Amino acid sequence: DGGHNCTAGQFVEAETPADMGSVIHVAEAAGGPWQPLKTTLPSCNNPAPWVHSNGTIFIVCGNSLLSAEDPAGPYRSVTTFTHSGGPTGTYEDPYLYIDSRGFHLLYHVYNYDDRQTCTNATVSAHAFSEDGFTWTMGAVQPYTTQIARTDGSTVTVSTRERPKIFFDKSGQMTHLLNAVCSRSECPEDHPCVDCKLQAWDYTLVAPFETARRSVVV
């Protein structure tokens, strides 16, 4: 219905054990009821999961890649990695995906030195690995604050966070999704990443150049 009657679903009130770590909720249907699942997953900010075509569950938790055969675990360490060689800043919001070339990670990256004019603000990073064990950080951002529109104009956003990729039924990636802030400039006492606290924020859906179809956003 165009999002007019959205619901967050039903979540079962349950006490979470202090030693549970990051919490995975499970349900039989998208509308719930959702219940916390006790796992061996350690605590981390925004764990990034991906289910491999062979059924193995991979999760990036902090600077570690973990794997398990079941959502409850046990989770075992595959490897650890750093952000050395990537854009300078604070890394968060990892998004993990696997394609024919191997493992990939997209990040939101921010730098408090980016202030006022946000045209060149740091917002992203890309890490990749052929086998999941040895990782390389890309030196340049995979995308920036500059949004190209179909009419040839460009929109500048102050921050571009929470990266996600939409895949079609064939497994082809078609669109990049981000949470963005509509401001292109921020007050001098606020870094670009914090403009979102004072201005309208929205979800940006941007088609890849190789997408088989596009959307108007």
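The legends below describe close-up views of a predicted model.

**View 1. The disulfide between Cys44 and Cys61.**
The sulfur atoms of Cys44 and Cys61 lie 2.1 Å apart, and the two residues form a disulfide. The torsion about their S-S bond is about -120°, so this disulfide is left-handed. The pair links distant parts of the chain, 17 residues apart: Cys44 belongs to the loop between strand S2 (35-37) and strand S3 (48-51), whereas Cys61 belongs to strand S4 (residues 57-61). Cys44 has a relative accessibility of 18% and counts as buried. Cys61 is also buried, with a relative accessible area of 7%.

**View 2. The disulfide between Cys118 and Cys192.**
Cys118 is joined to Cys192 by a disulfide with an S to S distance of 2.1 Å. A torsion of about -100° about the S-S bond makes this disulfide left-handed. Cys118 is found in the loop between strand S8 (102-110) and strand S9 (124-129), and Cys192 in the loop between strand S14 (173-181) and strand S15 (201-207), so the bond ties together parts that are 74 residues apart in sequence. Cys118 is buried at 0% relative accessibility, and Cys192 is buried with a relative accessible area of 2%.

**View 3. Cys186, Cys195 and the neighbouring sulfur of Cys181.**
Cys186 and Cys195 form a disulfide in which the sulfur atoms are 1.5 Å apart. Cys186 counts as buried at 7% relative accessibility, and Cys195 is buried with a relative accessible area of 0%. Cys181 is buried, with a relative accessible area of 0%. The count for the structure comes to 3 disulfides. When the bonded cysteines of the protein chain are numbered in sequence order, the pairing reads 1-2, 3-5, 4-6.

**View 4. The salt bridge between Glu161 and Lys196.**
Side chains of opposite charge can pair when their charged atoms come close. In this view, Glu161 forms a salt bridge with Lys196, and the closest N and O atoms are 2.8 Å apart. Glu161 is buried, with a relative accessible area of 8%, whereas Lys196 is partly exposed, with a relative accessible area of 25%.

Arg76 counts as partly exposed at 42% relative accessibility. Arg101 is exposed, with a relative accessible area of 59%, while Asp99 is partly exposed, with a relative accessible area of 22%. The count for the structure comes to 4 salt bridges.

**View 5. Aromatic pairs and an aromatic cluster.**
The structure holds 8 aromatic pairs. Among them is the edge-to-face pair of Phe58 and Phe103, with 5.2 Å centre to centre and 85° between the planes. Phe58 lies in strand S4 and Phe103 in strand S8, so this pair ties together parts that are 45 residues apart in sequence. Phe58 counts as buried at 11% relative accessibility, and Phe103 counts as buried at 8%. Tyr91 and Tyr107 form another edge-to-face pair, with 5.3 Å centre to centre and 75° between the planes. That pair links distant parts of the chain, with Tyr91 in strand S7 (residues 90-99) and Tyr107 in strand S8, 16 residues apart. Both Tyr91 and Tyr107 are buried. One aromatic cluster is formed by Trp50, Tyr95, Tyr97 and Phe167.

Terms used. Residues are numbered from 1 along each chain as its sequence is written. This is a predicted model: local features need pLDDT of at least 70, side-chain atom pairs count only at pLDDT 80 or more; totals for chains, interfaces and linings use all residues. Side-chain values use heavy atoms; hydrogens and water are left out. A disulfide is a pair of cysteine sulfur atoms within 2.5 Å. Helices (H or I, at least four residues) and strands (E, at least two) are DSSP runs, numbered from the N terminus. Buried means under 20% relative accessible area, exposed over 50%, partly exposed in between (1.4 Å probe, protein chains only). A salt bridge is a side-chain nitrogen of Lys or Arg within 4 Å of a carboxyl oxygen of Asp or Glu. Rings of Phe, Tyr and Trp (its six-membered ring) pair if their centres lie within 6.5 Å; planes under 30 degrees apart count as stacked, over 60 as edge-to-face and the rest as tilted.
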